[in-house]
Amino acid sequence: MRLTRYTDYAIRVLLYLGSRAEGLGSIREVAKTFRISENHLMKVVQDLAAAGFIEAVRGRNGGIRLAKPADHINLGAVLRHTEGLDTLLECSDCMVASACGLPPVVSEAIAAFLAVFDKYTVEDLVRRRLELRALLAVA
């Protein structure tokens, strides 16, 4: 299974924010650190905020931060949100849908894939914070 660039960016945002000691980060910082488009990140950040994974603080001294502790942000939940895995297979217009055995196979495969991500949180990704901060140049 291949994750979308959207999910990749979402995980990078969570990784960046989870590696911070405290305070707010910014879309500009994340974009610069990972060399990705601010415009793409804006959409991802808005979506992560709407889903409750991060908090966006508006205003002159605003920015972004994790909405809850890193050990409370489950990677499986992030993937379910960003990937829309429930619609991975579109069978409604297929002429053999009523007799086809593929949908349960795909469902089982997705469940197994997500079961691995369900074991981990953002905290698991940022356990080596000091090294991450050095690599990401996060103060």
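At what angle do helix α2 and helix α3 pack, and how far apart are their axes? The legends below start with this pair and refer to a predicted model.

**Figure 1. Helix α2 packed against helix α3.** Helix α2 covers residues 27-34 and helix α3 covers residues 38-50; they pack at an angle of about 125°, with their axes 9 Å apart. On the α2 side, the residues in the contact are Ile27, Arg28, Val30 and Ala31, and they meet Glu38, Leu41, Met42 and Val45 of α3. Sorted by class, the contact of α2 with α3 has six nonpolar and two charged residues, and no polar ones.

**Figure 2. Arginine 35, in the loop between α2 and α3.** Most residues other than glycine have a negative phi. Arginine 35 is not a glycine, yet its phi is positive, at about 55°. Is arginine 35 buried or exposed? Its relative accessibility is 77%, so arginine 35 counts as exposed; the cut-off for exposed is over 50%.

**Figure 3. Helix α1 packed against helix α3.** Two packed helices are described by the angle between their axes and the distance between the axes. For α1 and α3, the angle is about 70° and the axes are 10 Å apart. That makes α1 roughly perpendicular to α3, because angles from 65 to 115 degrees fall in that class. From α1, the contact takes in Tyr6, Tyr9, Ala10 and Val13. These meet His40, Leu41, Lys43, Val44, Val45, Asp47 and Leu48 in α3. By class, the contact of α1 with α3 has eight nonpolar residues, one polar residue and two charged residues.

**Figure 4. Helix α1 crossing helix α4.** Helix α1 is made of residues 5-19 and helix α4 of residues 75-83. Their axes come within 9 Å and cross at roughly 140°. The two helices are therefore oblique to each other, and their crossing is right-handed. Tyr6, Thr7, Ala10, Ile11 and Leu14 of α1 make the contact with Val78, Leu79, Thr82 and Glu83 of α4. The classes here are six nonpolar, two polar and one charged.

**Figure 5. Alanine 70, in the loop between β2 and α4.** Strand β2 spans 63-66. The relative accessible area of alanine 70 is 8%, so this residue is buried; buried means under 20%. Which residues does alanine 70 contact, leaving aside its neighbours within four places in sequence? They are Thr121, Val122, Glu123 and Arg129. Arginine 128 lies 58 residues from alanine 70 in sequence, and the two are 13 Å apart in space, C-alpha to C-alpha.

**Figure 6. The whole chain, for orientation.** The chain has seven helices and two strands. From the N terminus on, these elements run α-α-α-β-β-α-α-α-α. Along the principal axes, the C-alpha atoms fill a box of roughly 55 × 30 × 25 Å. Of the 139 residues, 32% are buried. The chain exposes about 8900 Å², and carbon and sulfur atoms supply 53% of that area. Among contacts between residues at least 6 apart in sequence, 68% join residues at least 24 apart.

Notes:
Residues numbered from 1 in each chain as written. Predicted model: local features only at pLDDT ≥ 70, side-chain atom pairs only at ≥ 80, totals over all residues. Heavy atoms only, no water. Axes fitted to C-alpha atoms, helices over the stretch in contact; angles between N-to-C directions. Helix = DSSP H or I, 4+ residues; strand = E, 2+ residues; numbered from the N terminus. Contact = heavy atoms within 4.5 Å. Nonpolar A, V, L, I, M, F, W, Y, C, P; charged D, E, K, R; others polar. Buried < 20%, exposed > 50% of the residue type's maximum accessible area, 1.4 Å probe, protein only. Areas by Shrake-Rupley, 256 points an atom, 1.4 Å probe, with all protein chains shown as cover. Parallel < 35°, antiparallel > 145°, perpendicular 65-115°, else oblique. Left-handed = near helix turned anticlockwise from the far one by under 90°.
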